[in-house]
Amino acid sequence: MRQSGTQLWAIQRITAAFLGIAVIVHLVTIMIAVRGGLSATEILARTRGAELWFAFYAIFALCAGLHGAIGLRNIAGEWLGLRGRGVDALWVSTGLVTAAFGIRAAWGLYHAG
Amino acid sequence: MAELKVRIWRGDAEGGAMQEFTVPARENQTILDVVTQIQREQAPDLAYRFACRVGMCGSCAMEVNGRARWTCRTHVKRVAQPGETLEIRPLANLPVIRDLATDMAPFFDKWARAQGSFQPKDAADGSVPAEFAVVPPTSKKRAQADAGIECIGCGVCYASCDIVAWNKDYLGPAAMNRAWTLVNDVRDGGNAARLDAVSGDAGCHSCHSTQTCTERCPKNLDPSSAIAGLKRTLFWDSLLGRR
């Protein structure tokens with residue numbers, strides 16, 4: 001568990017570094033995209049078949065899931081005293097499920113017919 | 001003569017309450033002077049701890065008006081306006097023995113758990129090495145060890161730390177400050193076990209870097225930076241497979 005403490009910390013910092021940049025890219029894209037009004041056709045035209053956007057949002061979702069779950073784990077440990085392997089398993093699932101939802105959404109936009 | 005009102009926490013591990021005293025207000029008096037006056041003149045059964053009275057031994061720390069302080073070097077006029085009541089309690093985050101005396105055992109047990117003892121590299125059996133180690137005073141490691149070496153073990157940082165309050169296993173600022181001085185001691189050979197001991201939820205990775213330890217350290221040490229140093233070392237060592 002001691003090694004994993006360092007790993008969790010490292011994962012949270014590395015994902016934070018990526019999210020910092022990714023959130024800016026995400027927001028700037030939104031601001032540029034909505035200038036001429038927002039339509040599903042326009043969004044799909046940008047994302048459908050675009051490997052780069054899919055990769056970007058898949059990594060974004062994975063980082064957000066992991067980062068959020070590790071943060072929730074710390075909060076639960078410190079404020080509620082919820083600690084231990086069972087609780088850790090719950091946070092791993094939370095992180096992966098959150099990430100899976102995001103990746104599924106990105107996949108949907110990439111593959112939309 | 002002007003008077004100074006003082007409220008002191010009286011009790012033991014079972015619980016207690018504040019008790020009011022009035023002492024003569026003097027131009028120059030420390031919190032420890034006030035407590036001593038009360039014990040000598042008014043409440044002979046008041047329990048508190050002190051030894052050197054000059055800020056070297058680290059035994060007289062108490063909570064004064066909501067903040068942990070070394071009482072022998074804290075003048076009343078620095079913490080209370082004229083006419084204001086002083087409120088003195090035992091250090092937080094430690095079990096109370098009686099009145100203002102806390103049990104420091106958990107605090108120092110954590111120094112041991114953080115592998116806070118020197119492990120000579122050249123003489124693992126504890127014998128005196130054949131040669132003197134040459135440690136240039138200007139070297140980076142020596143400077144980093146120097147930065148934390150003057151800790152007197154008063155427990156002010158430990159009593160001020162939120163993480164200690166949240167997690168009873170958390171090693172705390174002083175123990176990790178000590179570990180960091182040894183991580184930077186080029187004569188020491190115990191770093192593999194030490195870095196294991198200070199990592200994880202009970203160690204440096206739980207620190208939020210709110211720096212209350214650094215703000216309140218009476219010796220102006222910077223345990224927060226020491227903990228950051230441990231995180232940094234562990235990060236790169238893990239990433240580069242050095243441990």
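A residue is termed buried if 20 or more other C-beta atoms lie within 10 Å of its own. The views below show a predicted model.

**View 1. Helix 7 of chain B is a mostly covered helix.** Of the 11 residues of helix 7 of chain B, 11 are buried. They are Pro173(B), Ala174(B), Ala175(B), Met176(B), Asn177(B), Arg178(B), Ala179(B), Trp180(B), Thr181(B), Leu182(B) and Val183(B). The elements against which these buried residues pack are helix 3 (105–113), helix 4 (140–148), helix 5 (156–160), helix 8 (191–197), helix 9 (212–216) and helix 10 of chain B. Chain B has an average pLDDT of 94, and 99% of its residues score at least 70.

**View 2. Gly172(B) occupies the loop between helix 6 (162–166) and helix 7 of chain B.** Is Gly172(B) buried or exposed? Gly172(B) is buried, because 28 other C-beta atoms lie within 10 Å, where the cut-off is 20 or more. Leaving aside residues up to four places away in sequence, Gly172(B) touches Lys110(B), Tyr158(B), Cys161(B) and Val164(B). Ser160(B), 12 residues from Gly172(B) in sequence, is 9.8 Å from Gly172(B) in space, C-alpha to C-alpha.

**View 3. The largest nonpolar core contains 55 residues.** Met176(B), Ala179(B), Val198(B) and Leu230(B) have the most contacts inside this core. Helix 7 (residues 173–183) of chain B contributes the largest share, 7 residues. The core lies between domain 1 (3–102) and domain 2 (105–239) of chain B, because both domains give residues to it. The surroundings of Val198(B) illustrate the packing: Val198(B) touches Ala114(B), Leu171(B), Met176(B), Ala179(B), Gly203(B), Cys204(B) and Leu230(B), residues up to four places away in sequence not being counted.

**View 4. Domain 1 and domain 2 of chain B meet through 15 residues of domain 1 and 15 residues of domain 2.** On the side of domain 1 of chain B that touches domain 2 of chain B, strand 3 (61–64) and strand 4 (67–70) of chain B each supply at least two residues. Strand 4 of chain B gives the most to this side, with 4 residues. By residue class, this side of domain 1 comprises 8 nonpolar, 3 polar and 4 charged residues. The domain assignment places domain 1 of chain B at 3–102 and domain 2 at 105–239, and the C-alpha centres of the two domains lie 29 Å apart.

**View 5. The contact between the chains takes 13 residues from chain B and 10 residues from chain A.** Which helix of chain B gives the most to the side that touches chain A? Helix 10 (residues 223–239) of chain B does, with 5 residues. The side of chain B that touches chain A divides into 4 nonpolar, 6 polar and 3 charged residues. For the complex, the predictor gives an ipTM of 0.77 and a pTM of 0.88.

**View 6. Helix 4 (residues 85–111) of chain A has 27 residues.** From its first C-alpha to its last, helix 4 of chain A reaches 38 Å, close to the 39 Å expected at 1.5 Å a residue. The buried residues of helix 4 of chain A are Trp91(A), Gly95(A), Ala99(A) and Ala106(A). Their cover includes helix 3 (51–80) of chain A.

Definitions and conventions: Residues numbered from 1 in each chain as written. Chains lettered and ligands numbered in written order. Predicted model: local features only at pLDDT ≥ 70, side-chain atom pairs only at ≥ 80, totals over all residues. pLDDT = per-residue confidence, 0-100. Domains from an automatic or database assignment. Contact = placed C-beta atoms within 7 Å. Nonpolar A, V, L, I, M, F, W, Y, C, P; charged D, E, K, R; others polar. Expected span 1.5 Å × (residues − 1). Buried ≥ 20, exposed ≤ 12 C-beta atoms within 10 Å, placed from the backbone. Core = buried A, V, L, I, M, F, W, Y, C linked by C-beta atoms within 7 Å.
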